[in-house]
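Keep asking what stands behind the words.

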Amino acid sequence: MNRGGPPGAAEPAAGEDGGRAASAAREIATALAVLVVYLVFTHAFSGDRAVSDAHGRALLEFERWARLDAERPLNEFLARHGWLGAVAAWEYATTYVAGTFGFLAWLWWRRSPAYPWARNTLILVTLIAICCFALWPATPPRLLPGEGYTDIIALHHPPATWGTGVVSAGANPYAAMPSLHIGWVAWIGAAALRARCRPFVTWLCGLHLAVTALVIVATSAHYVVDIPGGLLLVPAAAGAEALRARLVRGRLTGGRLMGGRHRDGLRRARREQRVAAADAFFLHVESRDVPQVVGGVAEFAGPAPPAERVRALLAERLPRLPRLTQRVRPGGALRRPRWVEAGTVDLRRHVQEVRLPPGGGRGALDGLVARLVAEPLDHERPLWRFCLVRRGPDAPDAIVILFHHAIADGIGVVDILRGILEPALPEAAPARGPGGLARAAAVLPGLVLLGLDGTARTTAVTGTLGPERAFGTATLPLGRVRAVARAAGVRITDVLLALVGEVVADVLAARGEPADGRPLRAAVPMTLRAPEPPGLGRTAVPGNLTAALRLDVPVGPMPVLDRVAAVHAAAEPRRRSGRTAASTAAMRLMGALPPPLHARAARGTYRAGFFGGIVSNMPGPPLPMSLAGAPLGDVHPILPLADGVPFAVGALSWNGSLHVSVTAEPRVLPEAAAFPGGLLRAFERLAAAVGAAGAGGGAAGGAAGGGAGSGAGSGAQSGTA
């Protein structure tokens with residue numbers, strides 16, 4: 001069996017990477033990923049209900065004109081016979097799923113040569129259907145206002161099956177054309193023919209198809225014309241799979257025949273690389289009002305190094321730093337964007353100097369950062385910039401470092417900077433992660449739970465973002481934060497989430513807007529990178545190796561200790577649920593969509609409604625660092641926002657301190673300037689509540705202007721709107 005295809009085209013040989021059990025777990029994970037993509041991303045593609053209704057009525061009018069409108073008499077017949085309606089609802093809810101994945105599992109168990117084709121075409125059938133739902137959504141008859149159809153599924157759905165609120169959470173009910181029920185059941189028949197099953201199996205598949213067609217129309221879940229639409233999914237998927245297999249064979253054959261020319265092609269391919277799906281995600285979600293930049297702002301312990309020295313250092317290090325010498329070449333309808341060499345990198349454009357008026361303090365620096373993060377990076381050049389900030393004799397100089405999120409995630413940015421800063425730690429070989437069986441076993445329950453999550457209950461602090469940004473910082477002694485977390489029996493990330501909940505609760509109370517039991521659902525990036533070995537660096541691997549775990553934070557009135565306990569109690573089961581690995585698998589499968597639809601899915605899921613804030617906790621180096629010989633003091637992270645999500649809180653442990661930053665949109669969140677100070681006050685309340693006010697050293701005060709002198713024994717905060 002050949003390897004390749006979406007997402008791989010063959011079952012590994014027995015004994016490879018954990019053997020048959022690992023293979024089974026991977027195949028089950030793939031099957032569940034198909035379901036998750038259907039449940040989650042068809043919802044992301046759902047648009048204007050009026051458009052879906054108009055398309056549904058157009059289908060109904062066409063059927064009436066062609067005398068195909070059999071929905072109403074069949075629907076009325078089921079409505080009059082309750083027991084038959086219950087049977088039909090059960091068949092609608094269960095047999096197409098059980099039959100599809102049961103038959104796929106049977107082919108795998110029998111080691112059928114038809115299995116790779118069957119699996120790949122099933123994935124393609126589903127992806128093609130999702131594309132159709134995105135391009136032409138249609139309301140089914142049972143949901144068309146004013147048409148008078150009886151919703152048999154809502155009346156008689158079996159518990160814990162399709163149609164119940166839990167199972168259908170996150171799904172798009174306005175995806176009638178084509179019928180994926182018909183597509184999957186027809187796929188069973190095509191796969192049975194491909195596997196040369198006995199005639200009895202073929203006849204059974206035909207009967208299943210006929211019953212399913214009757215049921216989907218009688219329950220008013222689909223139109224009659226949805227049936228041929230579903231049938232066409234199978235030849236379309238088979239054709240796409242044949243084309244994929246032909247291209248794979250052509251590349252392999254061409255490589256053997258072309259010799260030197262093939263090697264030249266490989267060298268060109270290395271210079272031009274396809275943007276990975278997880279990285280293209282952040283290219284797709286970016287807009288002028290929501291630029292996707294990550295990085296940090298670092299204050300020096302004294303004067304900043306000359307710009308020419310920084311440029312000379314970068315000229316030396318750039319050849320070893322992935323993506324910093326490349327730019328993005330846009331893709332097309334069928335071609336994902338590419339990383340291409342940018343030629344000579346003009347370091348004078350990428351490393352610039354700014355002088356701030358003296359006496360502005362930390363607020364002036366934060367105001368500059370707010371302006372810089374509001375400007376999208378130039379896609380015609382490598383997607384990064386350094387800004388050396390001269391602040392005069394009364395404040396330490398600083399440097400603002402910005403990368404596009406497509407280059408790396410937050411920890412990836414830290415790893416890249418470790419390749420520029422001193423001391424240069426010896427790089428460690430990438431640590432080996434868990435085996436295939438362990439990874440797949442973690443994915444399985446997570447895929448199910450991810451599909452059931454649905455959308456978040458949003459709070460009142462979400463809204464349409466404008467182009468302006470606010471940026472503020474706070475610094476806490478890392479040892480004291482650890483002591484408070486230990487005393488409360490929670491993680492540092494739980495402490496950070498609870499502090500954010502305290503500030504949001506204060507904002508809602510000041511506005512007079514009750515939370516009404518609605519939590520803030522925060523997107524918390526979880527790294528998939530191996531832990532950094534003690535005393536060693538980590539190879540600066542580009543790209544986004546994170547998965548967003550959505551955690552609920554209560555924002556109603558409550559004692560701070562109760563809030564941190566509630567955060568921890570809600571977060572721990574989600575951390576162990578496999579959702580992190582599952583979201584990564586779903587993200588990769590989403591990347592198999594054509595780029596325009598991948599972009600729509602990305603924008604549809606990375607927005608308010610799915611989460612209301614971003615909270616990230618990142619590890620940094622535990623030792624002092626320097627840039628071009630100039631020692632660094634406080635280093636605060638910079639995070640981007642998402643569509644409709646007005647704040648992001650980032651925490652970076654660096655040289656004994658926990659440096660917290662807040663990026664916000666001041667029109668939706670006018671309280672942004674007070675956000676950092678609110679975090680510090682909330683921490684003091686928590687420390688007092690756990691009896692740890694003296695743990696780890698000095699008090700976390702509210703003095704403005706962090707600087708190099710804040711260190712591990714004091715706290716500092718500032719904010720600007």
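Q: Where is the place of arginine 142?
A: Arginine 142 sits in the loop between α5 (115-135) and α6 (152-156). Helices here are DSSP runs of H or I with at least four residues, strands are runs of E with at least two, and both are numbered from the N terminus. Before going on: this is a predicted model, where local features need pLDDT of at least 70, side-chain atom pairs count only at pLDDT 80 or more, and totals for chains, interfaces and linings use all residues. Residues are numbered from 1 along each chain as its sequence is written, and side-chain values use heavy atoms, with hydrogens and water left out.

Q: What is arginine 142 in contact with, leaving aside its neighbours within four places in sequence?
A: Contact means heavy atoms within 4.5 Å. Arginine 142 meets Tyr149, Asp151, Ile153, Thr219, Ser220 and Ala221 that way.

Q: What makes α4 roughly parallel to α8?
A: The axes of α4 (residues 82-109) and α8 (residues 180-194) cross at roughly 30 degrees and come within 10 Å. Those axes are lines fitted to C-alpha atoms, for helices over the stretch in contact, with angles from 0 to 180 degrees between N-to-C directions. Under 35 degrees counts as roughly parallel, over 145 as roughly antiparallel, 65 to 115 as roughly perpendicular and the rest as oblique. So α4 is roughly parallel to α8.

Q: Which residues of α4 and α8 meet?
A: From α4 they include Tyr92, Tyr96 and Phe103, and from α8 they include Trp184, Trp187 and Ile188.

Q: How many strands form the open sheet, and in what order?
A: There are 6, in the order β5-β6-β7-β2-β15-β14, with mixed pairing. Two strands pair if DSSP finds at least two bridges between them.

Q: Why do β5 and β14 stand at the edges?
A: β5 (351-355) and β14 (626-627) each have a single partner strand, so one side of each has no neighbour in the sheet.

Q: How many bridges join β2 to β15?
A: β2 (residues 293-300) and β15 (residues 630-638) are joined by 5 bridges and run antiparallel. Glycine 295 stands opposite isoleucine 638 in β15.

Q: What makes α16 largely enclosed by the rest of the structure?
A: Of its 9 residues, 9 are buried, so α16 is largely enclosed. Among them are Gly410, Asp415 and Arg418.

Q: Which residues have the most contacts inside the largest nonpolar core?
A: They are Leu314, Trp384, Phe386, Val400, Phe403 and Leu627, in a core of 88 residues. A nonpolar core is a set of buried Ala, Val, Leu, Ile, Met, Phe, Trp, Tyr and Cys residues joined through side-chain atoms within 4.5 Å.

Note on methods. Buried means under 20% relative accessible area, exposed over 50%, partly exposed in between (1.4 Å probe, protein chains only).
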